[in-house]
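Here is a walk through one protein model. Keep the sequence and the 3D view open as you read.

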Amino acid sequence: MKNESTIIDVPAESSSAMKGKAPLIGVAKDHTTSGSGGYKRGLSIFDFLLRLAAIVAASVAAGTMFTSDETLPFFTQFLQFQAGYDDIPTFQFFVIAMSIVSGYLVLSLPISVVTIVRPLATAPRLLLLVLDTAALAFNMAAASSAAAISYLAHNGNQNTNWLPICQQFGDFCLKSSGAVVSSFVAVVFFTILVVLSGVALKRH
Amino acid sequence: MPTSLQVTFLLTLIVSSKPIECGIVRNNNSSSWKKLAKESTTIDVGESSTMTKSRSHVVADDKKKSFVSATTRGGYKRGLAIFDFLLRLAAIVTTITASSVMYTAEETLPFFTQFLQFQAGYDDFATFQFFVIAIAIVASYLVLSLPFSIVTIVRPLSTLPRLILLISDTVVVTLTTSATAATTAIVYLAHNGNPNANWLPICQQFGDFCQATSSAVVAASIGIVFFILLIIISAIALKRH
């Protein structure tokens, strides 16, 4: 092992400029991490607020359909004319599906809070994206099948001799159509939530 | 030991401020020993040339490692992109099948009265018309998205094509689910009817028509499953590492 020796000059009177230069070495910040964490945190907060709005939309849809009973004021000797959501299996499916979707949204609020607190973690966002996609498909299925039945109730089908029932059951029709519209609003919220999660997952 | 001897020798020389021989100060560029009282220390740089060589070798290894990790990350993402492409081809087949089966689902009953002949076709139902048109739109979207999928195979690490595919896949899965669910509701009515609304089931007369529409609904549902898989693949591939 050969020793290499050098002689280094350390001036006894160090200037103030030289004193000032040394502490600056370790100050360089990693701006990229805090920057991308900032905008992702903003996306997470928007995600949380959208979830609250979707909870309102989904539960309003389920509740309105559930309470859409109507009893007509006239009756014959044999039967009283009633209409409720449980007379139509599609509307039963609608109520159950929207309740499940509302429950899922309430349970997903903590995961959304986790994405706010830890904006750079990707596992919660991926989980939310997958579950939101499934909930979106489920919500859309319930909403559009109820919409098809509502269309039939309003217009009927002459080829199959299915008569429109809205002319007798006006209130029932109104409430069930309102519930369908509310669940479509929830579908729009879900679509935005899925797109948000996808954008926030993108690397930078 | 020679180090400390050198240091003490130099310090004693400087402290006593005697003129210094030229041999010691040959590395020192300043010649004004009389003006500035400088302290010189001798530092032993005790490295051998072999150690220097190995350190640079380690730097090259780090470069190699980052390159290798980039290709492995690209490797599994490329695998996901290929699976995505194949799923798209399968979904194209499924959706075209669904749309065409519904389109050709006609039936004419062999008996007729003096006034009308009993026929059933997809255009007798507004929902079935919506189904045919929506699934055809979805099939053409899938064909148009094949180039984007090929781009994700060729460039596995770029995120923009995947993000575009994710967003448009979400919109399309919504449309497909809507058409399929509405048609399912009508097909259920056709099979079972609704006694409360006095809607009679028509499948008992139009058996072939009912079968064809039910098959179309099943094919479209399989397409929905493919779409959900496509969305999950895009999401996993977008994830940072």
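Begin at a bond between two cysteines. The S-S bond of A:C166 and A:C173 has a torsion of about -85 degrees, so this disulfide is left-handed. The sulfur atoms of A:C166 and A:C173 sit 1.5 Å apart. Sulfur atoms within 2.5 Å count as a disulfide, and this pair forms one. Bear in mind that the model is predicted. Both A:C166 and A:C173 are buried.

How many disulfides does a search of the whole structure find? The search finds two over all chains. Chain B holds a disulfide between B:C203 and B:C210. Here, too, the sulfur atoms are 1.5 Å apart. The torsion about the S-S bond of B:C203 and B:C210 is about -90 degrees, so this disulfide is left-handed.

Are B:C203 and B:C210 buried or exposed? Buried means under 20% relative accessible area. B:C203 has a relative accessible area of 14%, so B:C203 is buried. B:C210 has 4% relative accessibility, so B:C210 counts as buried.

Now turn to the aromatic rings. A search of the whole structure gives 10 aromatic pairs over all chains. One of them is A:W162 with B:W199. The ring centres of A:W162 and B:W199 are 6.3 Å apart, and the planes meet at 40 degrees, so the pair is tilted. Stacked would need planes under 30 degrees apart, and edge-to-face over 60.

Where do A:W162 and B:W199 lie? A:W162 is in the loop between helix 4 (123-155) and helix 5 (170-201) of chain A. B:W199 is in the loop between helix 4 (160-192) and helix 5 (207-238) of chain B. A:W162 and B:W199 form one aromatic cluster with B:F125, B:F128 and B:F209.

Next, look at chain B as a whole. Five helices and three strands make up its list of elements. Read from the N terminus on, the order is α-β-α-β-β-α-α-α. Chain B has 241 residues, and 40% of them are buried. Take its contacts with a separation of 6 or more: 76% of these are between residues 24 or more positions apart. The accessible surface of chain B comes to about 13600 Å². Carbon and sulfur atoms account for 67% of that surface.

Go back to chain A and find its helix 2, residues 31-66. A:D47 is found in this helix. Is A:D47 buried or exposed? At 4% relative accessibility, A:D47 counts as buried. Which residues does A:D47 touch, leaving aside its neighbours within four places in sequence? The contacts of A:D47 are A:S112, A:L193, A:L196 and A:S197.

A:F93, A:I96, A:I100 and A:F138 make a nonpolar surface patch of about 350 Å². Which helix gives the most to the nonpolar patch? Helix 3 of chain A, residues 89-117, does, with three residues. A:I96 lies in helix 3.

Methods. Residues numbered from 1 in each chain as written. Chains lettered and ligands numbered in written order. Predicted model: local features only at pLDDT ≥ 70, side-chain atom pairs only at ≥ 80, totals over all residues. Heavy atoms only, no water. Helix = DSSP H or I, 4+ residues; strand = E, 2+ residues; numbered from the N terminus. Buried < 20%, exposed > 50% of the residue type's maximum accessible area, 1.4 Å probe, protein only. Contact = heavy atoms within 4.5 Å. Patch = residues over 30% accessible without salt bridge, like charges linked within 9 Å, V, L, I, M, F, W, Y side chains within 5 Å. Areas by Shrake-Rupley, 256 points an atom, 1.4 Å probe, with all protein chains shown as cover. Salt bridge = Lys/Arg side-chain N within 4 Å of Asp/Glu carboxyl O. Phe/Tyr/Trp six-rings, centres within 6.5 Å; stacked < 30°, edge-to-face > 60°.
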